[in-house]
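Subject: Structure handover and notes

Hello,

The structure you asked about is below, with the sequence. My notes on it follow.

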Amino acid sequence: MRDTADVREVDVVVIGAGQAGLSSAYHLRRAGFEPERDFVVLDHSPHPGGAWQFRWPSLTYGKVHGMHALPGMELTGADPSRPSSEVIAAYFASYEEAFDLRVRRPVDVRAVREADGGRLLVETSEGAWSTRALINATGTWDRPFWPRYPGQDTFRGRQLHTAVYPGPEAFRGQRVIVVGGGASGTQHLMEIAPYAAATTWVTRRPPVYNEGPFDENRGRAAVALVDERVRAGLPPQSVVSVTGLPVNDAIRRARADGVLDRLPMFDRITPSGVEWDDGRRVDADVILWATGFRPAIDHLAPLKLRGPGGGIQAEDTRVVADPRVHLVGYGPSASTIGANRAGRAAVRDIRRLLAGAPVAA
């Protein structure tokens, strides 16, 4: 790494050290890039673990579905009763040490801009880096999505998002409305129901349950649907949003007990609860928004990568409008196994880019 007028120069900057960022750093290492000399990994979180370090304590490792190991090192012997935040954070920390990835943290990336000589300038809380290529692996956790409804600001109770969900005991004796039809919403409902005075489940669309096994073919088909949107330059949907809710024994019990009796989306929020245009109303002490997240990519805004469809058009991980930029953990690579594969693909393309070879598929 070379310093030029307080701007440090590298070949590749990786932003984010979750699954996608660590996978990318691993593949850079395997390709012969040296950390701190040829590439740098910047992470704004205080500790290793990516978004997992912020998960609620009741999400134990045994409840985590589809957590794939990082490339080159398995996660073995984990206690399924321990919080996933502890298990996976410890695993990521061991991984960073094992492969000497030298992640810099906490570093907040504020903007990525065009620089001289065909390079990119990455402006951060710890100074600036000039780079020939960028792997953006910032995920979604930092951008919780809060829908807006009439009367929302008048509600006298508490509103919170999945991002700060404290666990079920915090809702003891309270009337709770859970908004959202994804995996988080159903998990919250099933956990909260034994403690709450009452729960109400509200979603925009009826939930889709998948009884059969989620095999490789179904997974591939789901990823293909997300990939189609990203290739068209549309905002990505999560892979989970197109797979439906996998049915297990806990889901079956909750449906039989009425915990997962879903109501359509309300029309307004009142000081004491929510109302529908047909006259129905539900009083509540808490509204829990399990409404998902959006990609955390505002720092890329100066590059003007968004297209008319509202998203960033990408082929695999490579941004069509700027082949120096790769999005790993975005759209079809948002799953843990997808992030591993995408990290390898991004590094393959970047090697070609830096060598002056064509990078188009």
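A polar contact here is a pair of N or O atoms within 3.5 Å, where one must be able to donate a hydrogen and the other to accept it. Please keep in mind that this is a predicted model.

By that definition, the side chain of D322 makes a polar contact with the side chain of R324, at 2.7 Å. D322 is found in the loop between β18 (318–319) and β19 (325–327). The relative accessible area of D322 is 7%. Buried means under 20%, so D322 is classed as buried.

R324 also has a charged partner: R324 forms a salt bridge with E114, with the closest N and O atoms 2.7 Å apart. R324 lies in the loop between β18 and β19, while E114 is in strand β4 (residues 109–114), so the pair ties together parts that are 210 residues apart in sequence.

Salt bridges

The structure holds 21 salt bridges. As background, side chains of opposite charge can pair when their charged atoms come close.

- R29 and E34 meet through their side chains in a salt bridge, at 3.1 Å from N to O. R29 has 25% relative accessibility and so counts as partly exposed; E34, at 29%, counts as partly exposed too.
- R268 and D277 meet through their side chains in a salt bridge, at 2.4 Å from N to O. R268 is partly exposed, with a relative accessible area of 27%, while D277 has 56% relative accessibility and therefore counts as exposed.

The bridge between R268 and D277 belongs with a network of salt bridges that links R268, E275, D277, R281 and D283.

Positive patch

Which residues gather in a patch of positive charge on the surface? They are R30, R341, R344, R348 and R352. Helix α7 (residues 336–354) gives the most to this patch, with four residues. One of the arginines in the patch, R344, lies in helix α7. R344 has a relative accessible area of 46% and is partly exposed.

Helix α6

At the start of helix α6 (residues 249–256), a side-chain oxygen of N248 reaches to within 3.1 Å of the backbone nitrogen of A250. After the helix comes G258, whose phi is positive, near 85°.

T200 is found in strand β9 (residues 198–203). With a relative accessible area of 14%, T200 is buried.

Regards

Definitions and conventions. Residues numbered from 1 in each chain as written. Predicted model: local features only at pLDDT ≥ 70, side-chain atom pairs only at ≥ 80, totals over all residues. Heavy atoms only, no water. Helix = DSSP H or I, 4+ residues; strand = E, 2+ residues; numbered from the N terminus. Patch = residues over 30% accessible without salt bridge, like charges linked within 9 Å, V, L, I, M, F, W, Y side chains within 5 Å. Areas by Shrake-Rupley, 256 points an atom, 1.4 Å probe, with all protein chains shown as cover. Salt bridge = Lys/Arg side-chain N within 4 Å of Asp/Glu carboxyl O. Lys, Arg positive; Asp, Glu negative; His and termini not counted. Charge placed at Lys NZ, Arg CZ, Asp CG, Glu CD. Buried < 20%, exposed > 50% of the residue type's maximum accessible area, 1.4 Å probe, protein only.
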